Amino acid sequence: MVMKNSHCPRVRRRKMAWHLAHELKAIKSAMKELLDHSHSQMAIIRDEMKSMNAEMKGMRNDVKNIRDKCDAMEKSLQKTQNANSNLQETDTNFRDRMHSQFDDV
């Protein structure tokens, strides 16, 4: 019976192939773990983005409501200024008529 020499090239290649196969399996396993972790992180980020989008939509609605209120207040102010202007004109006309009546006397 002939004992195989562990130093012969064929045995070394087999040992090297076995070690490389196990390293490859370990690398594949680590890559799968990283991929699973990255998928879970992406899902978390996606959920956060959805909630941020919902918050931004609410903020846009708030800004729109504030703009609408400002527009309404501006219109109200314009009406008040117009009414004040009309009142001043009426007051001036009234005073002019009163002065002209007293001037006639």
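Predicted model: local features only at pLDDT ≥ 70, side-chain atom pairs only at ≥ 80, totals over all residues.

Q: What does D36 form a salt bridge with?
A: The partner of D36 is K32, and their closest N and O atoms are 3.2 Å apart. A salt bridge is a side-chain nitrogen of Lys or Arg within 4 Å of a carboxyl oxygen of Asp or Glu.

Q: And where do the two lie?
A: Both D36 and K32 are in helix 1, four residues apart, or about one turn of the helix. Helices (H or I, at least four residues) and strands (E, at least two) are DSSP runs, numbered from the N terminus.

Q: How many salt bridges are found in the whole structure?
A: The search finds three. Besides the one between D36 and K32, the side chains of K64 and D68 meet at 3.2 Å, N to O. R95 also forms a salt bridge with D91, with the closest N and O atoms 3.1 Å apart.

Q: Why are K64 and D68 separated by about one helical turn?
A: Because they are four residues apart in helix 1. R95 and D91 are likewise four residues apart in helix 1, about one turn. As for accessibility, D68 is partly exposed at 38%, and D91 is partly exposed at 33%.

Q: Changing topic: how many helices and strands does the chain have?
A: The chain has one helix and zero strands. The radius of gyration is 44 Å, well over the 13 Å that the globule rule gives for 105 residues, so the chain is more spread out than a compact globule. That radius is taken over C-alpha atoms, and the rule is 2.2 Å times the number of residues to the power 0.38.

Q: What box do the C-alpha atoms fill?
A: Roughly 155 × 20 × 10 Å, taken along the principal axes.

Q: What share of the residues is buried?
A: Buried residues make up 1% of the 105 in the chain. I27, for instance, is partly exposed at 47% relative accessibility, whereas R97 counts as exposed at 51%.

Q: What about charge: how many positive and negative side chains are there?
A: There are 20 positive and 15 negative side chains, and the centres of the two sets lie 32 Å apart. Lys and Arg count as positive and Asp and Glu as negative, without His and the chain ends. Each charge is placed at NZ of Lys, CZ of Arg, CG of Asp or CD of Glu.

Q: Which residues gather in a patch of positive charge?
A: R10, R12, R13 and R14 do so, on the surface. Patches are made of residues with over 30% relative accessible area and no salt bridge, with like charges joined within 9 Å and nonpolar side chains (Val, Leu, Ile, Met, Phe, Trp, Tyr) within 5 Å. Accessible areas come from the Shrake-Rupley method with a 1.4 Å probe, and for residues only the protein chains shown count as cover. R12 lies in helix 1 (residues 9–104) and is partly exposed at 48%.

Methods
Residues numbered from 1 in each chain as written. Heavy atoms only, no water. Buried < 20%, exposed > 50% of the residue type's maximum accessible area, 1.4 Å probe, protein only.
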